[in-house]
Amino acid sequence: MTTFAPATAEDTLATVQWALAEEAPLEIVGHGSKRGIGRPLQCEHTLDLSKLSGVTLYEPAELVLSAKAGTPLAEIEKLLADNRQQLAFEPMDYGPLFGQASGRGTIGGALAANLSGPRRLKAGAARDHILGIHAVSGRGEAFKSGGRVVKNVTGYDLSKAMAGSWGTLAAVTDVTFKVLPAAETETTLAVRGLLDDHAVAAMALALGSSAEVSSAAHLPYPAVAAVADGSLGSDAATLLRVEGFGPSVAYRMETLKSLLKNAGPLEEFAVEPSRKIWRAIRDCEPFAGGSKPLWRVSMAPSAGHEMVMALRMQAAVSAFYDWQGGLVWLSMEAGDPEAGLVRALVEKHGGGHATLVRATPAQRAALSVFQQQAPAQAALSARLKEQFDPKNILNPGRMV
Amino acid sequence: MSGLAMPKPDDAVLARRAEIVADLRGIVPGEGVVDRVNEMRAFETDGLTAYRQLPLVVVLPQTVAQVSRILKYCDQRKIRVVPRGSGTSLSGGALPLEDAVLLVMSRFNRILEIDYPNRCVVAQPGVTNLGITIAVEEEGFYYAPDPSSQIACSIGGNVAENSGGVHCLKYGLTANNVLGIEMVLMNGEVVRLGGRHLDAEGYDLMGIMTGSEGLLGVVTEVTVRILRKPETARALLIGFPTSEQGGQCVADIIGAGIIPGGMEMMDRPAIRAAEDFVHADYPLDCEALLIVELDGPGVEVDHLIAEVEKIALRNGSTTCRISQSEEERLTFWAGRKAAFPAVGRISPDYYCMDGTIPRQQLPKVLAGMRELSEKYGLGVANVFHAGDGNLHPLILYDANVPGELQKAEDFGADILRLCVQVGGVLTGEHGVGVEKRDLMPEMFNQIDLDQQMRVKCAFDPGHLLNPGKMFPQLRRCAELGRMHISGGKLPFPDIPRF
């Protein structure tokens, strides 16, 4: 059991070349904040990229930032905040979910897991903001893709290929991201006491309006009570976030309030409580800590609650919704029947996928953590892996 | 055709042309197979009209099953295939090959579903970009990416090229606005990726497909996001005595946290050509003209217009007009939108380039271009997506003067080399195609290119789909798959290990 912690891209390359020659699989980690996700790995050796750290380029006026892959996300977010900018994709922090401290995680990990947050609806995920990478493939070759400019269609977008690949294609050593101005202010409107189906209708109405809602979540009881130190009380809350320049936010909030005046009791949260609420939703606070299995389901926004309703007939579940209803966090057992049930219902309600985010190693070894793909897509994905990592030495089996 | 080497035609395929035509007629009955030379002429070029080539045969399928059967048929018989949407590529992406079937997707022209609650549209790939907006505008929605060919270009082609447009700094490229695709691989397999959910599952195959220039698969269905139309849009027309001041103004606008809906710059030759053509009342005494468009709720737009005006004045603008009506806003844009035809009026031919640079390098690149312009003895006019650094130099030449096309191409290649030298890229939105294919080594080394070609091998191991595009030199997948493994000992004793 050896842990290699190279401090340079060259040493990272040498490590992978050695592993390739030995055919010794490597588990790639940054801070290890998401190590509990995916099928448990049985690698003799670990490639720890956390020493590949530091911002190498930051030009606020060009909206671009480059960093070594092991750079702490917190360091980058602080630097950006000091310049009134942000990673607009709002990467979630998985730490609290696994009972760890918050504020850990690297920028490389954010890409590997294709992180996003409540602003996903408007701003996309890590994949939508990555501009370029340097990486070492499982072939023991250092390659690059993309660049440092926003608009670039030169060659295949291998940077996007890294997003959500969980370190199974290449060890990314350097990343370049597009950054964006942080909103001057934000306000959140809550509609209280709605049942799931009414909440989803209200969110669709709001998102389809000119209020430019950047996030929309629905917290039924009991999830609502576990958010932001219980400050939301225990009535279901349907939350709509409006961000931007002060006068614009005020105007759009009025638009939203008049649009939803008959939907239910309305409540407004100013900038500070609003930020706190959305951070809690981003990090899945209602289900933080503990060891109860947790599922993350991505579906069409209008379909999530229907799937949950059908699921409730056959299993004990607790759920809340982000992304206008399209992201469902489900607290539910993780046995074969539950896995089969949730995935069949996802399929039945228009498609998407269910990932078993938190479970014991035994459960994660027994079940498919990631939803199995249709045969043609699965075969294509396997061929892609083969072209990056023919000897299967990088995080082998993690995405199975 | 000036000096462009395409893959050597396969004589065996050419010899079997009649048989292939007959077999394709068996798959696509009726008018769907075009094999007469005079009828195939319409397909011999795309938006890069300097290159022309008649295909082996043109086939226009109507169903996914037909696309699948055609590709499988060609795959099994090692027949090359060039996919084509509306044929508006500016990089020769749809340029036919003599021995290849040209697979034209224009009959896939239906919108399949409009889903307002999930704000998406499911369309066949031959639907035009603008056609999607037209289908939803009555309800107040639109599709954001707006390449300048949006009246004609197809949404399938947009996926193939990852098309951008004037609004992409704020609203993203095609890749950021596509939720799902269905495609057919060269072996005939139909693959569906994504859907109406926001996170596509597994590897980001959709991200790889977007911008892959028809080399990986043929798109047969696209699901795109639509957005509520902004309540209002207003524009500023700002003139500067130097391009440095114009560039600094752009940097300061973004530095102030403002992301305009559109931000375009033109240099003096482009301003003059546009003004002579459309009489938009552009100021002629400036070196750089900036159009900044703000969109959103009226109160936001008014607030930001005032901010941008202050920034412009601080940077020494000599003209700063603010549109007071929708009509005036459109007038500001009229010159910019007509810049290409306007340049076409002052020169018999023009060649449009598409590099992207880090924005702060603009003065250096413009100066470099002036030097190159003198060296080659050809004029150049510049329009520039200022927000994202995407340059469109228009090189003026006369194709009837022997050697001048070659000169224009050499000039263009030098401009792109300059873009790469200052940290930019070869193409921002037009694609590599055949046009920039041989320049790829300026940006990528052989290992980078080999890894890209290996991705191609995962999708199309026979290199049968759109060969001769994007990669300067094709290598067999078997050769690319070989590994050179060195050593077995740890060659780096000083790496910390625990």
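Reader: In this predicted model, which residue of β3(A) is the bridge partner of Glu27(A)?

Author: A bridge is read by naming the residue and its partner in the paired strand. For Glu27(A), the partner in β3(A) is Thr46(A). Leu26(A) has its own bridge partner in β3(A), namely His45(A).

Reader: How many bridges join β2(A) to β3(A), and in which sense do the strands run, parallel or antiparallel?

Author: The two strands run parallel, and 4 bridges join β2(A) to β3(A), the latter spanning residues 45-48 of chain A.

Reader: What is the bridge partner of Thr3(A) in β3(A)?

Author: Thr3(A) has Thr46(A) as its bridge partner in β3(A). The pairing of β1(A) with β3(A) is parallel and extends over 3 bridges.

Reader: What strand order results for the sheet?

Author: The order is β1-β3-β2 in chain A, an open sheet of 3 strands with parallel pairing. The edges are formed by β1 (2-4) and β2 (26-29) of chain A, each of which pairs on one side only. From one strand to the next, the twist averages 25°. As a general idea for reading such a sheet, side chains in a regular strand alternate between the two faces of the sheet.

Reader: Where in chain A is there an antiparallel pairing over 4 bridges?

Author: Strand β4 (residues 55-59) and strand β5 (residues 64-68) of chain A pair in that sense, over 4 bridges. Leu57(A), for instance, has Ser66(A) as its bridge partner in β5(A).

Reader: Which residues of chain A are joined by a cis peptide bond?

Author: Tyr221(A) and Pro222(A) are joined in this way, with omega about 5°. Pro222(A) is found in the loop between β12 (213-219) and β13 (237-244) of chain A.

Reader: Turning to helices, at what angle do α10(B) and α12(B) pack?

Author: A helix pair is read from the angle and the distance between the axes. Helix α10 (residues 268-278) and helix α12 (residues 326-337) of chain B pack at about 115°, and their axes are 8 Å apart. The pair therefore counts as roughly perpendicular. The crossing of α10(B) and α12(B) is right-handed. On the α10(B) side, the contact is made by Ala274(B), Glu275(B) and Val278(B); on the α12(B) side, by Ala334(B), Gly335(B) and Arg336(B). By class, this contact has 3 nonpolar, 1 polar and 2 charged residues.

Reader: At what angle does α10(B) pack with α13(B)?

Author: The angle between α10(B) and helix α13 (residues 339-346) of chain B is about 90°, with the axes 8 Å apart. That angle makes α10(B) roughly perpendicular to α13(B). The residues of α10(B) in the contact include Ala270(B), Ala273(B) and Phe277(B), and those of α13(B) include Pro341(B), Val343(B) and Ile346(B). This contact divides into 10 nonpolar, no polar and 2 charged residues.

Reader: How is chain A divided into domains?

Author: Chain A has domain 1 (1-182), domain 2 (185-285) and domain 3 (289-375). The centres of domain 1 and domain 3 of chain A are separated by 26 Å. Between these domains, 12 residues of domain 1 are in contact with 11 residues of domain 3. The domain 1 side of that contact comprises 7 nonpolar, 3 polar and 2 charged residues.

Reader: What is the domain assignment of chain B?

Author: The assignment gives domain 1 (11-104), domain 2 (111-228), domain 3 (232-340), domain 4 (347-437) and domain 5 (438-474). In chain B, 44 Å separate the centres of domain 1 and domain 3.

Reader: How many residues of chain B are in contact with chain A?

Author: An interface is read from its residue counts, its contributing elements and its composition. Here 86 residues of chain B are in contact with 85 residues of chain A. Elements of chain B that each supply at least two residues include β9 (190-194), α9 (243-255) and α11 (298-314). The largest share of the chain B side, 8 residues, comes from α17(B). By class, the chain B side divides into 37 nonpolar, 32 polar and 17 charged residues.

Key. Residues are numbered from 1 along each chain as its sequence is written. Chains are lettered from A and ligands numbered from 1 in the order in which they are written. This is a predicted model: local features need pLDDT of at least 70, side-chain atom pairs count only at pLDDT 80 or more; totals for chains, interfaces and linings use all residues. Domain bounds come from an automatic or database domain assignment. Two residues are in contact if their C-beta atoms, placed from the backbone, lie within 7 Å. Ala, Val, Leu, Ile, Met, Phe, Trp, Tyr, Cys and Pro count as nonpolar, Asp, Glu, Lys and Arg as charged, and the others, Gly among them, as polar. Two strands pair if DSSP finds at least two bridges between them. Axes are lines fitted to C-alpha atoms, for helices over the stretch in contact, and angles run from 0 to 180 degrees between N-to-C directions. Angles under 35 degrees count as roughly parallel, over 145 as roughly antiparallel, 65 to 115 as roughly perpendicular and the rest as oblique. A crossing is left-handed if the near helix is turned anticlockwise from the far one by less than a right angle, and right-handed if clockwise.
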